[in-house]
Every structure is written in C-alpha cells, then in structure tokens.
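Here is a short report on the structure shown below.

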Amino acid sequence: MTQPIRLKTPLSGADVELLKVGDRILINGIIYTGRDAAHQRLFDLLKEGRDLPMDIKGQIIYYVGPTPAKPGQVFGSAGPTTSYRMDAYAPLLIERGLKGMIGKGMRSDAVKEAMRKHKAVYFAATGGAGALLAKRIKKAEIVAYEDLGPEAIRRLEVEDLPVIVVNDVRGNDLYIEGERRYRKG
Amino acid sequence: MREINVKLITEKVRDLCIKANTDLGEDVLQAFDRAMEKEESPLGLEILKELKENARIAREENVPICQDTGFAVVFVELGQEVHLVGGSLNGAIEEGVRQGYRDGYLRKSICHPFSRLNTGDNTPAIIHTEVIPGDKIKITVAPKGGGSENMSRVVMLTPSDGVEGIKKFVVQRVKESGSNPCPPTIVGVGIGGTFEQAALLAKRSLLRPLGNKNPDPELDQLESEILTEINKLGIGPQGLGGRTTSLAVHILMMPCHIASFPLAVNIQCHAQRHKEVVI
C-alpha cells in the first residue's frame with residue numbers, strides 16, 4: 001500500500017485533479033463541519049441568493065456532529081456521519097466552489113456528476129473512529145448556527161487528519177471498485 | 001419483598017451510559033483480532049487496526065468511542081419480589097440517562113421528528129421492561145447509533161418463503177446497506193412473533209457477546225451460513241472492499257401466527273456498545 005499524501009487546504013482545482021481513488025490522505029489546515037440541519041440552512045441561503053456564513057471556495061466540509069469537548073480537550077469525539085443525507089444539498093455547494101467533502105457511505109449519481117464537472121473530491125474518514133480522529137483537531141470555533149448544538153458549523157484546524165479518496169474527479173468510486181475486487185461468487 | 005430506592009437505579013444508569021460509550025467490550029476487540037487474521041484487503045486491515053487504536057484511546061482517555069453516542073436503549077429485567085420506592089422506575093432511568101449524557105460529555109442526539117429541535121438531554125430513553133421471578137434488577141444500557149439503525153428493516157414474509165427467504169432478505173439488506181452502517185457490522189435478526197416483537201428480538205439478539213454460540217444448534221448453523229454469504233459480498237471494513245463485512249450474525253426466534261412469517265434485521269455498527277449491572 002502506498003504512503004499517505006499530505007494535503008494542505010484550501011484546495012485548488014489542480015490539487016484535486018491529482019487525487020485518485022484509494023489514495024490515503026492526511027489533511028492539514030482549515031476545514032469546516034456541517035451536517036443535516038446546517039446543510040439545509042446553507043442550501044436555503046444560496047437559493048435565496050444570500051451570502052453563506054463562510055467562504056466555501058476551495059474548502060472542505062466534514063460531515064460530523066461531535067460530542068461536547070471535555071474540560072481540557074480541544075474537541076470531542078469526531079468521526080464522520082453517513083453522507084447520503086447531504087446528497088440533496090451537495091451539488092449546489094460544489095457548483096459554488098466547494099472542493100472536498102469528508103463523510104462515510106456512498107454518494108448519489110448527482111453528487112458524483114457535480115464532483116466530476118466542477119472538480120471536487122469525496123473523502124471517507126473511518127466511521128466510528130471518533131476518539132482517534134478528535135486527536136488530529138488542533139483548534140475549533142463555531143462560525144454559525146450555534147443553536148444547532150452538535151450540528152453547528154465549526155471551523156477546525158486539523159493536523160494530519162487521515163482520510164481516503166473515495167470519489168475522484170474522473171468519476172471513479174472506491175466503494176464500487178473495492179466491493180467488486182473482493183466479491184466472491 | 002426487597003426494597004430498592006430508585007435513586008440507585010438513576011446512579012447505575014448514569015454510570016452505564018458513560019461506561020458503554022467509552023469502553024468497548026473485550027468480545028468486540030477479540031472479534032477485530034479474528035477479522036484481522038482473515039482480512040485480505042490491505043486498506044481493510046488498516047481500518048481494523050484504526051478501530052482497535054480508537055478503542056484504546058477511548059478507554060484510556062475516557063472519551064466516547066464514536067461521536068454518535070446514540071439513543072439510550074435500556075433493557076430492564078425487574079424481579080417481581082422487588083418493591084421500588086422513592087419514585088417511578090422509568091423516571092429514574094430517564095434521570096440516569098440525563099445525568100450520564102451530561103456528565104460523560106456524550107452527544108445529545110434526540111430530536112422532535114418534524115421540527116428537528118433537540119430535546120437537549122438525550123431523553124426520552126427507549127425502555128424495555130420484563131418482569132421476572134426473583135428479587136434483583138438487571139439493567140442493560142445499549143446506546144444505538146443512527147447510521148446503522150437507519151439500515152434496519154422489518155418485513156412480513158410469507159410462510160412459503162421458508163428459511164431460504166430469510167437468508168436472501170438478510171444478505172440483501174446487508175448488501176444494500178453497503179458502507180452506510182459502518183461495517184464491519186453485527187447483524188441482529190429476529191424471526192417470528194409479531195411485527196413489533198420481531199424487531200425487539202432482533203435488537204435483543206445484539207446483546208449476546210460476540211464469539212458466543214447460539215444455544216439453538218439449528219439457529220447456530222443458520223447464523224454461520226448467513227455470515228458466510230455476507231462476507232462473500234466484498235463490502236469489507238468501511239465498505240472500501242474486503243473480507244470483513246460483518247463480524248457476526250445473531251438470531252433470536254419465537255413462534256409466530258399460522259399466517260405469518262415476520263423477520264426483522266437490526267444492523268449494528270462495529271461500535272457494539274452495551275454494559276449491564278445487577279442490583
């Protein structure tokens with residue numbers, strides 16, 4: 001297996017084009033959190049032609065709703081949530097410049113098409129590895145929707161956050177390829 | 001009659017919520033080890049190692065294994081010789097959940113179905129109480145995450161579907177769930193009873209420690225046949241391809257109506273969390 005690649009955010013179209021399915025990536029820099037309710041709000045703002053609470057150009061959104069941080073902890077447990085629930089909103093965000101998403105589980109054809117067309121990638125983080133992933137988060141602050149509790153949008157500074165490229169800009173899908181490779185009968 | 005103050009129940013439920021969410025059972029860790037011996041995918045192997053490391057961090061630092069600390073599902077076996085004083089049983093359990101999720105820094109994940117407004121304290125709990133002989137109370141707290149619960153189904157098969165119908169449905173459910181429920185999963189299967197009882201059997205089957213055989217030889221055989229078929233699917237750890245799609249299949253069965261053949265599949269992620277206490 002190849003060594004992990006270090007990737008610094010924000011991402012350009014060229015950065016993203018170099019990534020291919022199965023690549024193990026260590027993300028460094030700023031990423032944003034957002035899941036179900038936050039996506040609904042971002043989507044509504046874009047539909048109304050209003051500005052988002054953060055600039056998503058070149059950015060990565062991590063689908064996560066963390067546990068509350070314990071005293072002395074930067075961030076609570078923070079593994080990915082299942083991504084298909086964000087499929088209805090993701091194509092518009094990708095069209096507006098979002099370059100990466102971190103979650104778990106397969107994306108819809110519409111999301112994959114948007115990634116291919118606008119050059120974005122989808123990364124999987126290990127679902128259920130919340131304690132391990134939290135240690136790679138060095139700073140965290142809420143940027144919007146504090147009323148949503150665990151679903152508020154947070155700006156995270158991450159160091160070597162381990163993820164795997166599942167969908168690249170060429171339309172490949174590791175979920176499909178991986179399953180095919182190991183299927184028996 | 002043995003008198004028990006419900007305050008003790010609150011205290012125990014609080015502790016069980018925290019313990020279940022931070023301390024993954026040895027049976028699950030051993031199941032990871034067994035899976036690592038068979039896993040052919042290098043990436044799958046890396047993921048299994050990551051899950052072991054994650055469990056170690058969670059236990060040592062007393063932090064949640066997974067950010068989805070779940071719906072608090074509580075199984076109570078209440079001895080009929082017990083006289084509870086100081087409040088209601090359900091009230092005491094709810095208070096224990098409230099305190100556990102607050103004091104353990106666990107995520108509050110319960111909301112109104114329409115407004116999605118969070119209840120703020122992870123209540124209500126889902127409480128299943130059974131009255132049994134004796135003067136003890138056994139309480140099991142089994143937090144259940146949303147991702148794997150969403151992949152679960154109940155189906156009313158027809159008697160002519162037979163055992164083959166069960167196999168087909170369970171394997172198909174795991175296949176269609178793909179990477180969503182955080183494989184490697186544990187597949188809980190409830191057969192028989194009624195619509196709601198089948199679902200409860202499926203959930204209850206998940207409480208059996210991994211690696212323990214089904215005491216019914218026929219069901220033990222069926223579990224092993226279904227598991228073999230599931231692990232041929234190739235879904236693998238986290239759905240990225242590999243041999244380990246499920247760690248185990250657990251079945252509970254009871255008689256059903258002559259017209260019916262209920263089947264429930266309750267999918268459990270690898271964070272198979274449950275802790276129990278006997279008072």
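## Chain A overall

Chain A contains six helices and seven strands. This is a predicted model. Along the sequence, the elements of chain A come in the pattern β-α-β-α-β-α-β-α-β-α-β-β-α. The radius of gyration of chain A is 16 Å, close to the 16 Å that the globule rule gives for 185 residues, so the chain is as compact as a globular protein of that length. Its C-alpha atoms fill a box of roughly 50 × 40 × 35 Å along the principal axes.

Of the 185 residues in chain A, 59% are buried. Take the contacts in chain A between residues at least 6 apart in sequence: 63% of them join residues at least 24 apart. The chain exposes about 7,600 Å². Carbon and sulfur atoms supply 49% of that area.

Where does A:T67 sit in chain A? The residue lies in the loop between β3 (60-62) and α3 (90-95) of chain A. Is A:T67 buried or exposed? Its relative accessible area is 3%. Buried means under 20%, so A:T67 counts as buried.

A polar atom of the A:T67 side chain lies 2.8 Å from the backbone nitrogen of A:S77. Neighbours within four places in sequence are left aside in what follows. In chain A, A:T67 is in contact with A:G76 and A:S77. In chain B, it is in contact with B:P64, B:C66, B:Q67, B:T69, B:Y105 and B:R107.

## A sheet in chain B

Chain B has an open sheet of four strands, in the order β4-β2-β5-β10. The pairing is mixed. Strands β4 (126-132) and β10 (275-278) of chain B stand at the edges. Each has a single partner strand, so one side of each is left without a neighbour in the sheet. Neighbouring strands of this sheet are turned by 15° against each other on average, direction ignored.

Strands of a sheet pair through backbone hydrogen bonds, either parallel or antiparallel. Strand β2 (residues 71-79) of chain B runs parallel to β4(B), and seven bridges join the two. Within this pair, B:L78 stands opposite B:V131 of β4(B).

## Helices on the sheet

Helix α1 (residues 6-22) of chain B packs on the sheet. It touches β5 (137-144) and β10 of chain B. The direction of α1 makes about 40° with that of β5(B).

Helix α7 (residues 195-205) of chain B also packs on the sheet. This helix touches β2, β4 and β5 of chain B. Its direction makes about 95° with that of β2(B).

Key. Residues are numbered from 1 along each chain as its sequence is written. Chains are lettered from A and ligands numbered from 1 in the order in which they are written. This is a predicted model: local features need pLDDT of at least 70, side-chain atom pairs count only at pLDDT 80 or more; totals for chains, interfaces and linings use all residues. Side-chain values use heavy atoms; hydrogens and water are left out. Two strands pair if DSSP finds at least two bridges between them. Axes are lines fitted to C-alpha atoms, for helices over the stretch in contact, and angles run from 0 to 180 degrees between N-to-C directions. Contact means heavy atoms within 4.5 Å. The radius of gyration is taken over C-alpha atoms; the globule rule is 2.2 Å times the number of residues to the power 0.38. Buried means under 20% relative accessible area, exposed over 50%, partly exposed in between (1.4 Å probe, protein chains only). Accessible areas come from the Shrake-Rupley method with a 1.4 Å probe; for residues, only the protein chains shown count as cover. A polar contact is a pair of N or O atoms within 3.5 Å; within protein, one must be able to donate a hydrogen and the other to accept it, and residues adjacent in sequence count only if both atoms are side-chain atoms.
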